[in-house]
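Trainee: I am new to this structure and would like to learn how to read its features one by one. Could we take them slowly?

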Amino acid sequence: LLTLPHRVGGARLPRIDVVDLREKKQPGAHAAGPTYDWVIRGDLDAALRHTLERGEQSILLLNRRGYSSFVQCMECGHVIVCPNCSITLTHHRAPERLICHYCMHQEGVPDKCVRCAGVTMQQRGLGTQQVERLLCERFPSARIARMDVDTTSGKWAHTEILDRVGAGTVDILLGTQMIAKGLDFPNVTLVGVVDADVGINLPDFRASERCYQLLAQVAGRAGRGAKGGRVLIQTRVPEHHAVRCALNHDYAGFVREELDGRVSPPYPPNTRLANVVFSGAVEEDVSSLAIAAAEWLRDLVVHAKGTVEVVGPAPSPIERIKTRWRWHVLLKSENPAELTRVGRYFMERFEIPAMGQLRITLDRDPVTLL
């Protein structure tokens, strides 16, 4: 474990406060999307205004690009999904379109529902494009820059935006996780997290860990100069240990709580993992292959008298990506050599039926289980 307990030059870590989004009297949203007061609550709005008045800079983090997360018919509830993936299409503006962030399928925004022909199509969820529009309406004289995949896809676009921030020609930098680390601007005295709950409840054992990392990293962008800094985190789960420990810069406390949750059932670092993913064009063929492979693996583990546990099979959290259906089986073991031996034997000996474009991949020590 390598630690950096002190900042360069003896600078102090910024103060972090929580803005609770669970207040009973919340401003609402309308058909065009959430209002500014619904997105940026009072404490963060006041802090932004004071920072602008002092001629200092702010960073706002929302780890979700696009304009809104999905488009839903308010008459029948139908949500527009990708034809190739088990995921909703994200609404983008300029140009106006719906995009899948997995296969990049694109289509126009419909005027009416394809299921019931209803004309009330509402944008739900929140993305960086929408927050940028709301900020421009709230602070018309502020110089605002948005930094996400959509604005940094061109050559040198990333550098050009950061050069403007460094030169002081940007008052508010809004972006996704790419602005959370590595930036050192002494005039940035305020960091706001628009919604800390994005990704915190994903079906992945590392979801809380990633949330804490993101909060700790983006908090470190504030107060890097003599002026000091402040961080405001908007969340609906202020009691969650990732948020609670981020408030106190308490990495050790977060690790203790997180490790306790990975004991039973065991997850890394208390065990080692291999994720065996089965995919194909026909859902029934993929499920049959995964079930057969899991039985094959269990027989192998029993006969070899090994220490590998077979968990599953089950559909992957995102069942379909790029027209391919996906199931998976987890292999767990405290013995890395045994896990390697079983995984290698399975990949070399298990026969894949010649139908349905079936494919098997083994992801050793997977970064994500999605």
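Mentor: Let us begin with contacts, where contact means heavy atoms within 4.5 Å. Leaving aside residues up to four places away in sequence, lysine 332 touches Pro265, Pro266, Tyr267, Thr271, Arg272, Leu273, Thr307, Val308, Glu309, Val311 and Leu339. Before we go on, note that this is a predicted model, in which local features need pLDDT of at least 70 and side-chain atom pairs count only at pLDDT 80 or more, while totals for chains, interfaces and linings use all residues. Residues are numbered from 1 along each chain as its sequence is written, and side-chain values use heavy atoms, with hydrogens and water left out.

Trainee: In which strand is lysine 332 found, and which side chain of opposite charge is nearest?

Mentor: Helices (H or I, at least four residues) and strands (E, at least two) are DSSP runs, numbered from the N terminus, and lysine 332 is found in strand S16, residues 324–333. As to charge, Lys and Arg count as positive and Asp and Glu as negative, while His and the chain ends are not counted. A salt bridge is a side-chain nitrogen of Lys or Arg within 4 Å of a carboxyl oxygen of Asp or Glu. Buried means under 20% relative accessible area, exposed over 50%, and partly exposed in between, with a 1.4 Å probe and protein chains only. Lysine 332 is buried yet has no salt bridge, and the nearest side chain of opposite charge, glutamate 309, is 5.1 Å away. A polar atom of the lysine 332 side chain does, however, lie 2.8 Å from the backbone oxygen of proline 266.

Trainee: How many salt bridges does the structure hold?

Mentor: Side chains of opposite charge can pair when their charged atoms come close. The structure holds 22 salt bridges. In one of them, arginine 236 pairs with aspartate 195, the closest N and O atoms being 3.4 Å apart. Arginine 236 lies in the loop between strand S13 (230–235) and helix H6 (241–247), and aspartate 195 in the loop between strand S12 (188–193) and helix H5 (207–219), so the pair ties together parts that are 41 residues apart in sequence. Arginine 236 also forms a salt bridge with aspartate 197, with the closest N and O atoms 3.5 Å apart. Arginine 236 is partly exposed at 33% relative accessibility, whereas aspartate 197 is buried, with a relative accessible area of 17%. Elsewhere, Arg206, Glu209, Glu258 and Arg262 are linked in a network of salt bridges.

Trainee: How should I read a helix, and which residues of helix H4 are buried?

Mentor: An α-helix has 3.6 residues a turn, so residues three or four places apart point the same way. In helix H4, residues 157–166, the buried residues are Ala157, Ile161, Leu162 and Val165. Seen down the axis of H4, these buried residues fall within an arc of 130°, so they line one face of the helix; the arc is that of the directions from the helix axis to the C-beta atoms. The buried residues of H4 pack against strand S4 (57–61), strand S10 (144–147) and strand S11 (172–175). On the other side of H4, Asp163 and Gly166 are exposed, and just after the helix, glycine 168 takes a positive phi of about 85°.

Trainee: How many disulfides does the structure hold?

Mentor: A disulfide is a pair of cysteine sulfur atoms within 2.5 Å, and the structure holds 0 disulfides. Cysteine 73 is in no disulfide, the nearest cysteine sulfur, that of cysteine 116, being 3.7 Å away. Cysteine 73 is buried, with a relative accessible area of 1%.

Terms used
A polar contact is a pair of N or O atoms within 3.5 Å; within protein, one must be able to donate a hydrogen and the other to accept it, and residues adjacent in sequence count only if both atoms are side-chain atoms.
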